[in-house]
Amino acid sequence: MSAAHSLEGPTNPPVLHLATAAPLPAPEPLRAEGVRLDLPRTHQHLWDLRGVEFEDGLTVRSYECTGCTDVLFR
């Protein structure tokens with residue numbers, strides 16, 4: 001029994017040599033009508049001052065949007 005035959009069996013798949021393997025077919029291209037992008041819907045943010053922190057001589061202001069959960073720091 002040769003070494004190649006001992007690798008093949010019920011627990012091991014047959015050995016595939018890439019030099020002799022057939023190339024895989026190219027996937028079908030996507031058509032424009034079959035593609036749907038769900039982009040997030042944005043709105044005009046209205047910022048309210050949420051807080052002011054003073055640390056090490058710096059001032060950090062945090063603003064909160066009144067229409068969503070976004071927070072802005074400046």
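## Ser62

Ser62 is buried, with a relative accessible area of 10%; buried means under 20%, exposed over 50%, and partly exposed in between, using a 1.4 Å probe and protein chains only. Ser62 lies in strand β2, residues 58-65. Strands (E, at least two residues) and helices (H or I, at least four) are DSSP runs, numbered from the N terminus.

Leaving aside residues up to four places away in sequence, Ser62 touches Asp48, Leu49, Arg50, Gly51, Leu72 and Phe73. A contact means heavy atoms within 4.5 Å.

## Basis of the model

The model is predicted: local features need pLDDT of at least 70, side-chain atom pairs count only at pLDDT 80 or more, and totals for chains, interfaces and linings use all residues. Residues are numbered from 1 along each chain as its sequence is written, and side-chain values use heavy atoms, with hydrogens and water left out.

Val52 is found in strand β1, residues 47-55. Val52 counts as partly exposed because its relative accessibility is 34%.

Together with Leu49 and Phe54, Val52 makes a nonpolar surface patch of about 320 Å². Patches are made of residues with over 30% relative accessible area and no salt bridge; like charges are joined within 9 Å, and nonpolar side chains (Val, Leu, Ile, Met, Phe, Trp, Tyr) within 5 Å. A salt bridge is a side-chain nitrogen of Lys or Arg within 4 Å of a carboxyl oxygen of Asp or Glu. Accessible areas come from the Shrake-Rupley method with a 1.4 Å probe; for residues, only the protein chains shown count as cover.

## The whole chain

The protein chain has one helix and three strands, in the pattern α-β-β-β along the sequence. Of its 74 residues, 3% are buried.
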